[in-house]
Amino acid sequence: MDKEAAVADVTVDREHGLTLVFVDGTECRFDLAELRVNCPCATCRTDRDQDRLPWPKPTSPKPLSIRDAQLVGAWGLGITWNDGHSTGIYSWELLRRWCETSEPTLGADSGFGPVGG
């Protein structure tokens, strides 16, 4: 893991979003809708690649909320949404880049960017 992506604190607000504090003191906030629409899982990436939004769907519960969040090893966070979706793992490196560039940059197969780049 990139040293800049090491996380010191994670705060999950089920109704509003996610706040991370990295070990260098950088604080990053992500609201629920931006996290859900930019889920890094393969299914959501496929939706976006085909110009479909992964959320909301006609059957999506409103308002959006986080049902559960679990640390995934030392490198990321898995989120279970109130629409039942739970396959995306948000890596600390992905979230750090997203915070710095205001753009969620997802590679074809992972949240770590293009292969070789």
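Is Cys41 buried or exposed? Cys41 counts as buried, at 6% relative accessibility. Buried means under 20% relative accessible area, exposed over 50%, partly exposed in between, with a 1.4 Å probe and protein chains only.

A word on the source. This is a predicted model, where local features need pLDDT of at least 70, side-chain atom pairs count only at pLDDT 80 or more, and totals for chains, interfaces and linings use all residues. Residues are numbered from 1 along each chain as its sequence is written, and side-chain values use heavy atoms, with hydrogens and water left out.

Now the disulfides, meaning pairs of cysteine sulfur atoms within 2.5 Å. The whole structure has one. Cys28 is joined to Cys99, S to S 2.2 Å. The link of Cys28 and Cys99 is left-handed, with -90° about the S-S bond. Cys28 sits in strand S3 and Cys99 in helix H3, so the pair ties together parts 71 residues apart in sequence. Helices (H or I, at least four residues) and strands (E, at least two) are DSSP runs, numbered from the N terminus. Cys28 is buried at 1%; Cys99 is partly exposed at 26%.

Back to Cys41. Cys41 is in no disulfide.

Last, the core. The largest nonpolar core has 21 residues. Such a core is a set of buried Ala, Val, Leu, Ile, Met, Phe, Trp, Tyr and Cys residues joined through side-chain atoms within 4.5 Å. Phe30, Leu35, Trp81 and Leu95 have the most contacts inside it.
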